[in-house]
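Here's a quick walk through a few local features of one chain. Have the sequence and the coordinates open as you read.

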Amino acid sequence: MSRRSPAERRQYVMQMPAVPEPDQREIEGFLDAVWAESGLSQATLASYRRDLEGYARWRNLRDGALAKADRETLFRYLAWRANEGYSPKSTSRLLSALRAYYAWCVRRGARKDDPTALLDPPKLPRSLPKALTESQVDTLLAAPDVATPPGLRDRAMLELMYAAGLRVSELVGLPATAVNLRQGVLRVTGKGSKERLVPLGEESQHWLEKYLAESRPQLAGKTNPPTLFVNADRQPPSRQQFWALVKRYAAVAGIDPAKVSPHGLRHSFATHLLNRGADLRALQMLLGHSSLSTTQIYTLVAREQLKNLHARHHPRG
């Protein structure tokens with residue numbers, strides 16, 4: 001059987017039966033428990049929910065309860081996903097959700113064994129983060145029309161994301177109280193509800209001050225929204241809206257929009273710091289990585305750039 005396209009796959013999944021009520025209660029109980037135990041972010045909880053509900057819907061086609069699945073059933077589900085064309089990254093994320101769920105089942109005595117114990121995660125291709133050059137970043141950040149309230153807000157958002165190396169979810173969800181302009185620092189709540197302090201830098205602080213003084217009062221009107229950045233409807237921009245504006249400003253700046261993303265600004269922040277001699281441990285703290293191994297990927301980026309530089313300019317490159 002030929003693989004379905006992503007659109008056909010989504011349509012097929014939507015036609016599956018709804019999540020059985022007992023399984024829905026199981027999932028809700030699990031999510032409440034891991035949130036209380038580990039303080040997982042809302043994005044991680046939403047990801048766990050999608051993956052477990054998808055598995056429960058598939059299980060319903062085979063008449064079985066979520067908590068009672070055995071290893072053979074999991075193998076069948078993984079084989080079905082592989083045949084449907086799901087990516088290794090998607091399957092790896094699914095296995096994380098299943099492992100967390102069945103570990104919870106064992107802890108509370110709902111079952112004695114963990115059916116995911118011998119399941120190996122798929123091997124993921126190691127792709128290097130795509131960073132913009134410093135000149136490209138300068139052009140991108142200068143693209144918004146700062147003579148308009150939305151344009152001034154967008155300039156402040158782009159400057160802050162690049163200056164602080166923020167994730168897009170961290171940026172759009174920043175509370176108004178997160179910024180301390182007097183000390184020039186930003187308090188960021190990242191993954192796992194972990195807080196970190198990040199310096200603003202003179203340029204981003206300048207644009208934040210202008211936004212707070214000139215743009216935000218016009219966008220917020222007489223209200224006092226809890227988030228730092230707001231639209232004209234007094235709501236914070238969504239991740240999707242910020243993604244769209246980054247693509248739009250990339251086109252204005254003459255950069256291929258396909259090569260630019262909000263996360264690319266975070267990658268650029270890390271790569272440019274490392275290229276200019278930043279310490280890897282300090283970079284780990286600024287990015288909010290729990291493990292140094294996650295940060296070390298940027299040493300590979302810097303190495304690749306040096307190799308390309310050598311190849312272009314050395315007479316025997």
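Let's start with β3, whose covered face holds R196 and V198, while E195, L197 and P199 sit on the uncovered one. As background, side chains in a regular strand alternate between the two faces of the sheet. A word on where this comes from: the model is predicted, local features need pLDDT of at least 70, side-chain atom pairs count only at pLDDT 80 or more, and totals for chains, interfaces and linings use all residues. Residues are numbered from 1 along each chain as its sequence is written, and side-chain values use heavy atoms, with hydrogens and water left out.

Zooming out, β3 belongs to an open sheet of three strands, ordered β1-β2-β3 with antiparallel pairing. At the edges are β1 (179–180) and β3 (195–199), each pairing on one side only. Strands and helices here are DSSP runs numbered from the N terminus (strands E, at least two residues; helices H or I, at least four), and two strands pair if DSSP finds at least two bridges between them.

Strand β2 (residues 185–189) runs antiparallel to β3, and five bridges join the two. Among them, V188 partners R196 and V185 partners P199. The hairpin has five residues between its strands, and there G192 takes a positive phi near 65°.

## Two helices crossing

How do α7 and α11 pack, by angle and axis distance? Helix α7 (residues 149–164) meets helix α11 (residues 262–275) at about 45°, with the axes 7 Å apart. Axes are lines fitted to C-alpha atoms over the stretch in contact, and angles run from 0 to 180 degrees between N-to-C directions. That angle makes α7 oblique to α11, since under 35 degrees counts as roughly parallel, over 145 as roughly antiparallel, 65 to 115 as roughly perpendicular and the rest as oblique.

The crossing is right-handed, i.e. the near helix is turned clockwise from the far one by less than a right angle. In contact (heavy atoms within 4.5 Å) are L158, M161, Y162, A163 and A164 of α7 with P262, L265, S268, F269 and H272 of α11.

## A serine in a loop

S238 lies in the loop between α9 (202–220) and α10 (239–252). Its C-alpha atom is 9.8 Å from that of L171, 67 residues away along the chain.

Conventions. Buried < 20%, exposed > 50% of the residue type's maximum accessible area, 1.4 Å probe, protein only.
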